[in-house]
Amino acid sequence: MDLLVVLCLVNFLLPAHGLSSQIFRKLHEEPHLPRESSKSTRKISEEWIYQWLDHTNPQDDRKWRMRFFANEEFYVEGGPIFIFVGGEWSASAEFVMGGHVYDMAKEFHGYLFYTEHRFYGKSQPTSNLSLENLKYLTSEQALADLAHFIATKTEEIPGASNSSVFLIGGSYAGSLVTWFSHKYPFLVTGAWASSAPLLAKVDFKEYFEVVAESIQLVGGQECFAKTTEAFKAMEDLIAEGNFSNLTQALNLCQNITSDEMNVQNFFQTMSGFLAVVVQSLSWAGIEGFCSGMLGNDDPLVGYAQNLKILGGGCLTVDFEEDNKVLRDTAWPADESQMMRRWIYQTCNEFGWFQTSTSSKHPFNYFPVEFFINLCQYVFGEEFVGEKIEQNTCLINAKFDGLEPKIKNVYLTHGQLDPWRAAGAQKNINDDSLTVILPNHSHCSDFGSINVNDSSDLYISKSRIKAYVKKWGKLSSEGKGNVTQQRLLKYSRQEDNKVLRDTAWPADESQMMRRWIYQTCNEFGWFQTSTSSKHPFNYFPVEFFINLCQYVFGEEFVGEKIEQNTCLINAKFDGLEPKIKNVYLTHGQLDPWRAAGAQKNINDDSLTVILPNHSHCSDFGSMNVNDSLDLYISKLRIKAYVKNLIGLIKFRAAAVATPIGSIK
């Protein structure tokens with residue numbers, strides 16, 4: 001091999017970290033619309049909404065500003081709301097100004113939004129990126145941000161309280177819209193998830209299997225063979241200790257050594273370049289790569305030439321030198337520098353480590369241990385393999401992996417896309433279909449319907465448009481058929497007209513209007529006849545919904561009331577509240593017991609069922625007539641209070657005692 005020729009090809013020394021950083025940014029950049037997509041001439045500005053920093057802790061009142069983009073140029077009151085959901089990138093106005101979703105908003109007179117994910121772009125909730133602050137960077141918090149956004153906007157926008165809501169996301173954002181449909185089904189009408197990984201896993205070895213398959217499928221066997229030879233040449237040079245030749249050939253910033261982490265870092269970056277070739281839509285892709293490989297007799301020369309096309313300077317192969325930037329906890333000046341944040345999410349939630357452990361491709365030397373070591377190097381020794389494995393298991397348990405409980409979600413994958421291997425490969429259910437698009441890659445289907453679309457892509461875009469129309473009951477006039485059919489006509493108006501009186505009643509005990517409002521607006525708790533385990537009939541849930549509407553207005557449809565109860569459960573965690581030192585009692589005979597805790601909440605908050613007692617029957621003084629169970633329960637709460645008072649006094653004394661007086 002003529003190393004001078006290679007050196008001439010790749011002698012473009014720019015700052016260190018350039019190539020590996022470029023590769024990472026290419027793999028996690030915002031999806032792009034093709035040039036043929038529709039484009040709005042409207043000026044779109046940044047907008048902001050306040051979000052809770054920690055949605056899971058009602059005691060934490062800290063807020064921050066989340067960025068979003070909006071376009072209401074086509075909106076007619078009652079029309080649908082389309083929300084393009086951001087992922088691990090800096091959002092732009094692109095997706096509210098063009099593309100297939102923009103076209104659907106135009107046809108159905110919808111409102112367009114694009115929300116930016118917390119901790120990315122300008123949506124910066126904390127002062128820095130310390131590990132303590134990154135704990136607020138989770139998919140659960142991002143979903144809660146989206147829920148708050150939807151609840152706020154459907155209330156603020158005129159005529160939107162009953163509008164259909166459609167979510168659209170690609171890549172990790174596609175995962176989010178699917179998981180949102182799983183967790184908050186009452187807030188969304190339908191969703192489109194493109195290239196969405198759903199199965200969290202530590203060793204995502206299938207990723208590079210698809211990379212290899214896609215190069216063979218598009219570039220042919222000769223190109224794949226030359227790629228295999230290029231990697232074999234790299235391995236041979238390292239095995240021979242011929243480090244200087246490898247440095248010259250591939251424009252390394254310093255000689256590689258036989259250090260295991262450095263070798264792994266080198267091959268992970270070299271293989272990562274091929275991931276860009278297959279996944280990225282921003283340059284010539286596989287065909288361009290194979291043209292460079294086949295245009296050179298020496299495979300390593302061809303590979304070096306392809307690296308030059310990507311640009312970014314010399315390649316740092318020293319593990320610590322290459323990755324020390326990830327330890328920087330300051331917000332980077334460049335919004336697109338999101339490596340520390342995304343790597344945290346993979347270490348803390350998803351795994352998705354794209355390893356070399358499969359035998360179905362020629363890429364070697366970056367096993368799962370490389371990524372675990374990276375997590376520990378950047379975030380601390382606590383990120384051991386077992387912890388990361390547990391984290392991915394929790395995500396799959398929370399969202400049911402490849403079988404999420406969803407409705408009206410349309411999932412698309414490009415056949416060539418390596419992320420497809422972690423996504424749904426078949427229909428989730430009858431209401432949520434999965435389509436594999438031949439010869440397409442990552443997030444390649446968001447553009448407007450175009451004459452250049454393949455037949456499969458054209459059919460898929462037409463299908464999602466038909467689903468949006470069906471799921472939202474839309475017409476070209478835009479308004480959905482959201483008026484609820486009354487199953488029961490409320491006939492006893494004379495009996496309940498007093499509930500419409502808005503004056504304070506003279507009798508303080510007349511509280512019906514207020515309590516019924518709370519049940520309609522927050523709790524539900526409608527005591528219906530729908531069970532078959534009793535003889536009481538003819539007052540189904542629709543009776544109470546009609547009562548809510550009769551008293552408070554037509555806006556209190558069943559879906560709204562269902563949403564309200566779900567929001568209460570999400571806010572206070574239903575039967576599993578995060579509490580300490582709470583003693584819960586129920587009378588065995590009390591009908592309200594069925595909506596309360598039936599077992600201990602945790603070790604500090606016990607639940608007791610009192611036999612042969614009913615509603616709130618245990619507040620009296622201790623008495624000789626108390627049953628044994630009631631007497632013991634009162635003793636127990638007294639002992640708990642006494643113990644807590646003693647603890648408080650002890651703490652107060654400890655605070656009040658000068659340190660110098662302690663013997």
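Tutor: Helix α7, residues 206-219, packs against helix α10, residues 260-279, at an angle of about 60°, and their axes are 10 Å apart. That angle makes α7 oblique to α10. Angles under 35 degrees count as roughly parallel, over 145 as roughly antiparallel, 65 to 115 as roughly perpendicular, and the rest as oblique. The axes are lines fitted to C-alpha atoms, for helices over the stretch in contact, and the angles run from 0 to 180 degrees between N-to-C directions. Helices (H or I, at least four residues) and strands (E, at least two) are DSSP runs, numbered from the N terminus.

This is a predicted model, in which local features need pLDDT of at least 70 and side-chain atom pairs count only at pLDDT 80 or more, while totals for chains, interfaces and linings use all residues. Residues are numbered from 1 along each chain as its sequence is written, and side-chain values use heavy atoms, with hydrogens and water left out.

α7 passes α10 in a left-handed crossing, a term used if the near helix is turned anticlockwise from the far one by less than a right angle; clockwise would be right-handed. On the α7 side the contact involves Tyr207, Phe208, Val211, Ser214 and Ile215, and on the α10 side Ser271, Gly272, Leu274, Ala275, Val278 and Gln279. Contact here means heavy atoms within 4.5 Å. The residues in this contact of α7 with α10 comprise seven nonpolar, four polar and no charged. In this scheme Ala, Val, Leu, Ile, Met, Phe, Trp, Tyr, Cys and Pro count as nonpolar, Asp, Glu, Lys and Arg as charged, and the others, Gly among them, as polar.

Take Ser271, which has its place in helix α10. Ser271 counts as buried because its relative accessibility is 1%. Buried means under 20% relative accessible area, exposed over 50%, and partly exposed in between (1.4 Å probe, protein chains only). With neighbours within four places in sequence left aside, Ser271 is in contact with Phe208, Phe231, Phe363 and Phe366.

Aromatic pairs come next, and the structure holds 57 of them. Rings of Phe, Tyr and Trp (its six-membered ring) pair if their centres lie within 6.5 Å; planes under 30 degrees apart count as stacked, over 60 as edge-to-face, and the rest as tilted. Tyr207 and Phe208 form an edge-to-face pair, 5.3 Å centre to centre, with 75° between the planes. Tyr207 and Phe208 are both buried. Trp352 and Trp419 also form an edge-to-face pair, at 5.5 Å centre to centre and 85° between the planes. This pair links distant parts of the chain, 67 residues apart: Trp352 is in strand β8 (residues 351-353), and Trp419 is in the loop between β9 (409-414) and β10 (434-437). Both Trp352 and Trp419 are buried.

Helix α14 (residues 339-350) and helix α16 (residues 385-399) pack at about 75°, with axes 6 Å apart. α14 and α16 are therefore roughly perpendicular to each other. Cys347, Asn348, Glu349 and Phe350 of α14 make the contact with Ile388, Asn391, Thr392 and Ile395 of α16. The residues of this contact of α14 with α16 divide into four nonpolar, three polar and one charged.

Some backbone angles also deserve a look. Most residues other than glycine have a negative phi. Tyr365, in the loop between β8 and α15 (368-379), has a positive phi near 75°. Tyr365 counts as partly exposed, because its relative accessibility is 42%. Asp573, in the loop between α21 (558-572) and β11 (584-587), has a positive phi of about 65°. With 27% relative accessibility, Asp573 counts as partly exposed.

Finally, the whole chain. It has 22 helices and 12 strands, and its C-alpha trace spans about 100 × 80 × 45 Å along the principal axes. Of its 663 residues, 50% count as buried. Among contacts in the chain with a separation of 6 or more, 71% are between residues 24 or more positions apart.
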